[in-house]
Each structure stands twice: as C-alpha cells, then as structure tokens.
Amino acid sequence: MSIDQIDEQGASFMAVAIAHKSPEEGGRDHALEEHLLSVAHLAASSTVDEPAAQLAYLAGLWHDLGKYRPGFQRYIRMVNDAHIEGKLPHGSDKSHSAAGALWAEKHLSDLRGAEGRIISRILQYVIAGHHAGLDNWEDGLKGRLVGQNAKTEFEEATAALPSTDILCPNLPLPKLADLPIAAREEIPGQFALWLRMLFSALVDADFLDTEAFMNPEKAVVRPRETPSMADLLDVFNAFMAIKTQGVVSNPVNRLRTQVLADCRTKAACAPGTFTLSVPTGGGKTLASLAFALTHAVRHNKRRVVVAIPYTSIIEQSADVYRDVFAPLGDDIVVEHHSNAESDPRNETSRSRLACENWDAPIVVTTNVQLFESLFARRTSRCRKLHNLINSVIVIDEAQLLPVEFLQPCVDVLRLLVRDHGVTVVLCTATQPTLTQQNHFGGKGLRGYISGEVTAIIDNEAALYAALKRVRVHLPADLNTAQSWEKTALEVGRHEAVLAIVGRRADARELFERLGRELPTGHQGLWHLSALMCAQHRSEVIADIKTALAARRDAIARGEPANPVRVISTQLVEAGVDLDFPVVFRALAGLDSIAQAAGRCNREGQLERGDVHVFVPPKMPPPGLLRQAAQSCRLVWHDRPEDDETHALSDPLALERVSRYFARLYGDATSLDKKGICEALRLQIDRPAQALAVRFRDASDDFKLIDEQDGATVIVYHQSARCRDDVRALVGLLERDGPQQRWLMRKLQRYGVTVYRQDLQRLIQHCDVREIPAIPGLYVQHNDLFYDPLLGAQVSGAPGDPASYVC
C-alpha cells in the first residue's frame, strides 16, 4: 500500500489506531488500545508491591501513546518494523516513546501538583526508554523531553483523542512516601534498582504482548503453568535418593552427606544472605541446590537462579540440573549465556522476540549475564530482572566476583535481599571477605555488617580439616621464574598428572613442548582451553575421565596402566570433577591455587595428593591477575615451614585465605573503578521536581568483559560423538535470524571467544566471517581455522578478554 493510498483513506483507518501489523501477506492489525491495556495488566501483575503495580499499570497504558500520531499510523501500514523506534530516523513523525512520558507529567501534575510531577519522573524514565533504554536525566532524558520533537509528538498523539480509559484511568496514585525516594541512600543505587525492576516489568510485558500478536506460534509454546517449587523439591529428593544408593561409605562421602544435611537444615532460616563454604569436592553443586529448593518451598520463593563464572562450565552444570529434573520436562531449566543479543541499532521484530526473560523455575547463567543485566539500560538485557524478585540466587565460585567492580556488585546483592525478597547464597571453597572494611586513605568495602550473613556450615574449620587431601609444595623462591622446558620435564615424570596454567597460549606452549619430549608423543596427552568450543571440551573431559577410570582399574588388577597427562587453563578449576594424584599449578591468586588443589586426590583415595606450585616464564598481564599473584606471594611469605603443627603451615589454610582477600581488596586501586555507585546514586532536585540518575553512564561503564575486546566465533567442530550438523544450524540462523531460542542455545556449544585485534586479521585472511543476521557474531570460514586437538588457531595475548572464560 502506498502513502497516497493510505492518505486517501483519511479518518477511516484512524478510527482504529493500530500498534502492530503482522508480517504475513495482507497482515492482521493489532489494535493499539488493546495492546496498551494488555501491556498495562501484564506489567502490573509482574510487580510485587502495590505502589510499583500502580505505576507499572500507568506505564503500560502510556508507553505507546505516541503511536496515535497520524504519521505513525500511515507508516505502520507499510513497514512491519515501524513499531521499533530505534529503526526510525531521529526526529521523524514516526517516533512514539516521548508522548506518554510528557502525558505522565501533565496528568499527574494536574492530579497532585509538585508531588505528582516527581512521581511522573519515574514513568518518564521507563516510558521514554522502552525502546532506546534507560538514559541519564541530565545530558539525556531531560533535554529530550523539552525538545521540539517530543512536544510535537505529544501534541499530535493527544490530538488524536485516545480514549479516557487510556489517558485518565480511574486508578489510585501511590504516595510519594511509599516510594524508595530518599534524600541520602544508605546503599547507593537503591532507587535505581527499584526503577530498573519497574522498567523490566514494562518491557517484558511489551515484548510478550507483541510476541503473542506477531508470533502466535511461539507465544503458544511458552509454558503458561510450570511445576511448583514443591514439585521440583520432590523430584530432587527422589533423584538424590537414587544417586546415594550403594555409594561407598568413606570419609569424603560421609562429609558430603553432612554438607547436604546442613544445607537442608539451614534452609529453614529466614531469607537473607548465606555463605556455603565447602572445600572443592565437597558436593557444593547439589548441596546448594538442595538449600535453594528447600528454602524456596519454605519461604514461597518463585525460582532458583544459579550464576556461574565461566561459560566453559555452564553447560556441564546445566546438564546436571536437566538430569535432576528430567521427569518434569524440558522447560524447567533455562540456560542463558548468549553473546548474540540484539543491538538496539540492529533490532528487528524477530530479534526483539529472541531475548530471554528468565521465566523458568531454574535459570543457569553466567556472572557476566547476571551482573551486567542488573546494571543494564537496554531492554533486551533488562526484561528479565523483575523475574529475580522473590527468588533464590546462588553465586557459584563467589571468590570470582570482579575486584574492580566489587563495590557495586556487593551493593546490588544487598539491595536484592533487602528490597526485593531475594535470598543470596555465596557458594565457594575460598570464601571472599565481603564484610565492612576500612583501609588507609579512605579506601575500603561498604560490605555486609554484623548479623547480615548466615553461614550454612557451622564449623567450617573442622570441615576443611577433615577434607584436607593434599600437600602443597611451594618453590624455594616465589619470585624466580621456571622455564617451560623444566616444567615439561617435571610434569612428564608423572604418568597421571594435571598441569594448569594461566594463559591459553601457555597451555598450547606446554602441551606442544611436552608432546615433543615424551617418547609416546601426544598419546595419553590432552589439551584443554577455551580456544576449544564447549562441545569439544566436553568430549575431551569425558575422554580424560574414561582414561583415569581405566588407569585406576588397571592398577587395581596389577596390570600396566596407560598414562593420563592433561595441560589446561583454569577452566578446569570450577565445576569439572577430575581427580589426579598430582597437580601442577602456575603461580596465581590463592583462590585459583586452592581450586586447582581441588582436582588433586578429589575422592580421597590417597592419604595425600601432591600439588606443585611453579612460577611461569611470563608474569600475568598487568591488572587483576598480576595483583592476585602478588597478593598470594605476600600471604605466603611468612609461612612457618619448619612447624607442621602450626595452623598457617598449610599454604591453603582458611586464615591465609582470609588474609589473601583482605590484601587483594585492600591493595586494589579501586573496588569501583568506573564510579558506578555514584552514577546510580539518586540526586533529588526538589525545585525542578527531578529525580536524577545516570543510568546510561553506569550501564556503559559496567562491563565485566569489554565488548570492544572480545568476539564470538561459531566453529565447525566435528567428531564421532557430535550429533549436530553445525553448518546446517548456521544455515538456519542465517535464514531465520536469532528468534529461535533452541537454535541459539545449541549454537552456544560451538562458540569460541577471540580477541578483536585477532578478529580483523582472521576476517582479512578469510578464516572467519560475520553472520549478517546478527552483527557481532562470526562463523568459521576456513576449514583450517579449527584444529581437532587445540581448537581455534588464534595466538593468545596478554590481557586476553577470554581470560574470564579460560
């Protein structure tokens, strides 16, 4: 239909304004008033307190008020994506997110004067940002709303005479005293997080109602009713009963049973923040799930979210949970760590609907996804946040909370617990010191106060003593580097050994050198790093476990046993239950070395395993990794080697772990290097009736992995055990885009993170190419790019962004 044909219809089509037009030939119309009312109801039902529900309802009614503009109504009848404001030229007559924001100010000011104008600022943030994202007030939203484009949009939209039900609903307005607006926030960001939850409820409601119209087939398959937490707990208990049948009663298994029992007992405690401090190999994965489910049933929590630091192990943990809940179907566990979320500048109606909202009983995600979402401004990242309300969040390997962002991370966890009904479990073998700390010069952590955290294990020291299974051997000089030749020689002397290094390039160097030195070459020698895709790593880890089991069986029968030697990055230090009698670890942070020790004598079959620490030829790159290694050196400096009865004779003693984290945090240049906390601190301007927050600045600066440095490449891994045809899956992705969640999740197993500076060279050499349907996502283009032993053929570099994912 042409513009001339549309104009000829004049007022006939304006009688029923539409919000969307379906993409099929001769598409259906989605009535605008129907959309606004539906979004209002959905948004209000997604909040947990009455003031938020009232504001969410108003935000839903007014978020698309600008779509009543004649210009928009003409455009939507020609372009299906016209409802996505980011695709329209700036200042065009098709923009539509400012009218509702200005109407909120006018209507609420008329109702309640200055107090109503202040309340309207909340709605202005969420309505004006429901496409482009939450903005700063100063140097952002404030200027936009007083501009001529916004005024014109407001005048044209209201002149179209939306119904009274839309413009002036008969709804009580919350009182200012009922809203989290304080002159001085005890924890900076309280108001910002509350508003972001409101924003989440609005944008998710908008996504879901739009999906129901634009893609009804997809909407139908979204589960309307999911099993209750009580159902999940019953299935979990049945699974554990079967799992523990016939298990050999040895000291390690008895202690694991006690940890599980402690978790079930402490789950009855009031909601709050808990620590689960258990040595590696103590059964934290299932024990923490037992706590979370039991606590959820006892205190009516809605879901369990498990955040894991490494993408390299998230698939393994998700598979464990899927095995547990298999009797309840495939929709119980959502695994979310996609690097392919749509950029607002490249959104389509299909890509908008592909984003996750975490509406599932069990969510397994990454620390990066969780925390960056909690500080995000984009709709695709924020839409899940309201589903964190009244949940249990398990932070696995809590010692890996990022030091340079530690203060905003601790603040947001405390706010989730205090204001949003969340219970947090900090789960690790090396518990970080997150209590209130003050250091010389005014630096310090605004941490947990006395009584704010409950330990699930009452006598942690006794548990660690009982689970001590290794001797740690330190080099004579912690400042003198050891060559790779010497390390390869020492590793090669052992037939069952794991060596862990800090860089992907180091892993390749040691693997290749050891392969040349050993008379058997690469036979019985394995390599692991995140230059291998998740599917490849899973297969290699399975092979290693099979080889270790065969070796143990052969030794038990008195027969010759094949060697098992593994060279790996730190990806094996969390969630990978390998068990070696000997482990070598390149000097790193004390927490990393403790995790490496957890792969040694894991099942307690030996009286003691041996962990050898060595200083690698290259120092870690400047920044946190180097600082962590230096902090470890310092806490080991005063080790009383000649007194084995001394509590600190063990390099991994709990007292040393506490000292390590105190020094690491105390010596850090900053625990909030980008000033996130101050950016999110509410600034109240009463003369202007303004609530100023710098949402855009905080979101742009809170990057645990800098998107500018890393890129994901889908590789064509092939093996006898790989049932996926990755080339065919990529073909579907290029044809249909990313809206099929099953496809995106499946392809995640074939992604490798590469350095941006390497990426440009790889593109020029035709090794990789960009996928047009998802800008920023790449695919292997040259068959030689991916090696069946070592993975992607990319040289490592200091400061590698993939060090986060090994």
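Buried means under 20% relative accessible area, exposed means over 50%, and partly exposed lies in between (1.4 Å probe, protein chains only). The model is predicted, so local features need pLDDT of at least 70 and side-chain atom pairs count only at pLDDT 80 or more, while totals for chains, interfaces and linings use all residues. Residues are numbered from 1 along each chain as its sequence is written, and side-chain values use heavy atoms, with hydrogens and water left out.

**Count and criterion**
- A salt bridge is a side-chain nitrogen of Lys or Arg within 4 Å of a carboxyl oxygen of Asp or Glu.
- By this rule there are 41 salt bridges.

**D577 and K545**
- D577 and K545 form a salt bridge, with 2.6 Å between the closest N and O atoms.
- This pair links distant parts of the chain, 32 residues apart: D577 sits in the loop between β15 (564-568) and β16 (582-586), and K545 in helix α23 (residues 534-556).
- Helices (H or I, at least four residues) and strands (E, at least two) are DSSP runs, numbered from the N terminus.
- D577 is partly exposed because its relative accessibility is 40%, and K545 is partly exposed at 31%.

**D667 and R663**
- A salt bridge joins D667 to R663 at 3.6 Å, N to O.
- Both lie in helix α26 (residues 654-667), four residues apart, which means a separation of about one helical turn.
- D667 is partly exposed at 42% relative accessibility, as is R663 at 36%.

**R696 and D697**
- R696 and D697 meet through their side chains in a salt bridge of 3.9 Å, N to O.
- Salt bridges with shared partners connect D135, D139, R694, R696 and D697 in one network.
- D697 has 22% relative accessibility and so counts as partly exposed.
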